[in-house]
Amino acid sequence: MATVQALSTIVLEKTRDIAILKSMGFHARDVRLIFLFEGLIIGVIGSLFGLALGAGLMYALSQVQLKPPGVTDRVFLPIWWGAGQFALAAAFAMASCLLAAYLPARRAGRVHPVEILRGAA
């Protein structure tokens, strides 16, 4: 949800710039691609930070000791460090970020340059 809010704010702040781009000949598709690319960059950076944070939390959980009933020794909490779960987390983060970027990108593509440049915004 934070990505949608951030990108929506960027669209509102950049409305005049979007209008100038469109008046110079950029199509709505081009403007959408710019904002989707920005969402992709946010997704990559967020995924990298999220993977690092997730790995740190997984390490902290792997240090938790348990004493199951009927067992005399303490055992560590079993954590699976498979690459598949990291890839799944990164893919989900990227997909959700691109989906969150699509709505503001669509709104940016609908900007009418004449109305904005005349001061109607």
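Is Pro78 buried or exposed?

## A loop residue to start with

Pro78 is exposed, with a relative accessible area of 68% (exposed means over 50%, buried under 20% and partly exposed in between, with a 1.4 Å probe and protein chains only). Look for Pro78 in the loop between strand 2 (75–76) and helix 4; helices (H or I, at least four residues) and strands (E, at least two) are DSSP runs numbered from the N terminus. Pro78 and Gln63 are 15 residues apart in sequence, with 9.2 Å between their C-alpha atoms.

## About the model

This is a predicted model, in which local features need pLDDT of at least 70 and side-chain atom pairs count only at pLDDT 80 or more, while totals for chains, interfaces and linings use all residues. Residues are numbered from 1 along each chain as its sequence is written, and side-chain values use heavy atoms, leaving out hydrogens and water.

## Two helices crossing

The axes of helix 3 (residues 28–62) and helix 4 (residues 83–109) come within 7 Å and cross at roughly 150 degrees; axes are lines fitted to C-alpha atoms, for helices over the stretch in contact, and angles run from 0 to 180 degrees between N-to-C directions. Helix 3 and helix 4 are therefore roughly antiparallel to each other (angles over 145 degrees count as such).

## The nonpolar core

The largest nonpolar core has 9 residues, including Ile10, Phe35 and Ile116; such a core is a set of buried Ala, Val, Leu, Ile, Met, Phe, Trp, Tyr and Cys residues joined through side-chain atoms within 4.5 Å. Helix 2 (15–23), helix 3 and helix 4 each give two or more residues to this core.

Key. Angles under 35 degrees count as roughly parallel, over 145 as roughly antiparallel, 65 to 115 as roughly perpendicular and the rest as oblique.
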